[in-house]
Amino acid sequence: MPSKKKAAKADMAALPSIPPEVLEYFSGGATPMTGEQINTNTMALKKALIGRALGAELTHYLGYPPGAERPEQAPTSAAASLPDGTDPEQAAAH
């Protein structure tokens with residue numbers, strides 16, 4: 001059974017590398033960063049990543065990207081009438 005140190009090293013090796021330019025952007029040139037700066041930057045990065053993931057999920061679900069016009073959809077025959085041929089809005093009104 002591998003030790004905890006070896007498991008942690010394997011987990012760290014699996015993380016993606018971050019380009020130095022990105023680190024410079026988030027640190028704002030401050031070296032070393034304080035714990036508060038690290039926490040603030042980590043929260044901002046998490047917010048941006050989650051927002052990007054949710055935007056992609058909505059684009060996939062809705063079928064069009066943000067800012068684009070909603071595509072026109074023709075009503076399906078199931079939505080246009082009930083099995084007996086009556087209009088669903090008229091049936092609900094009675």
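**Figure 1. Serine 27, a buried residue in helix 2.** In this predicted model, serine 27 has a relative accessible area of 13%, so it falls under the 20% cut-off and counts as buried. Serine 27 belongs to helix 2. Its side chain has a polar atom 3.2 Å from the backbone oxygen of glutamate 24. Which residues does serine 27 contact once its neighbours within four places in sequence are left aside? They are Met33 and Asn41.

**Figure 2. Asparagine 41 and its reach to phenylalanine 26.** Here we switch to helix 3, which covers residues 35-62 and is where asparagine 41 is found. The side chain of asparagine 41 gets to the backbone oxygen of phenylalanine 26, at 2.5 Å. Not counting residues up to four places away in sequence, asparagine 41 touches Phe26, Ser27 and Met33. Serine 27 shows up again in this view: its own contacts, leaving aside neighbours within four places, are Met33 and Asn41.

Figure 3. As for cover, tyrosine 25 has a relative accessible area of 67%, over the 50% mark, so it is exposed. Phenylalanine 26 comes in at 26% relative accessibility and therefore counts as partly exposed, between the 20% and 50% limits.

Figure 4. Ile18, Val22 and Leu23 come together as a nonpolar patch on the surface. Together they have about 250 Å² of accessible area. Is valine 22 buried, partly exposed or exposed? With a relative accessible area of 32%, valine 22 is partly exposed.

Figure 5. The protein chain has five helices and zero strands. Read from the N terminus, its elements go α-α-α-α-α. Of its 94 residues, 2% count as buried. Serine 27 is a buried residue, at 13% relative accessible area. Overall, the protein chain exposes about 8800 Å², and carbon and sulfur atoms supply 62% of that area.

Definitions and conventions. Residues numbered from 1 in each chain as written. Predicted model: local features only at pLDDT ≥ 70, side-chain atom pairs only at ≥ 80, totals over all residues. Heavy atoms only, no water. Patch = residues over 30% accessible without salt bridge, like charges linked within 9 Å, V, L, I, M, F, W, Y side chains within 5 Å. Areas by Shrake-Rupley, 256 points an atom, 1.4 Å probe, with all protein chains shown as cover. Salt bridge = Lys/Arg side-chain N within 4 Å of Asp/Glu carboxyl O. Buried < 20%, exposed > 50% of the residue type's maximum accessible area, 1.4 Å probe, protein only. Helix = DSSP H or I, 4+ residues; strand = E, 2+ residues; numbered from the N terminus. Polar contact = N/O pair within 3.5 Å; in protein donor to acceptor, adjacent residues only side chain to side chain. Contact = heavy atoms within 4.5 Å.
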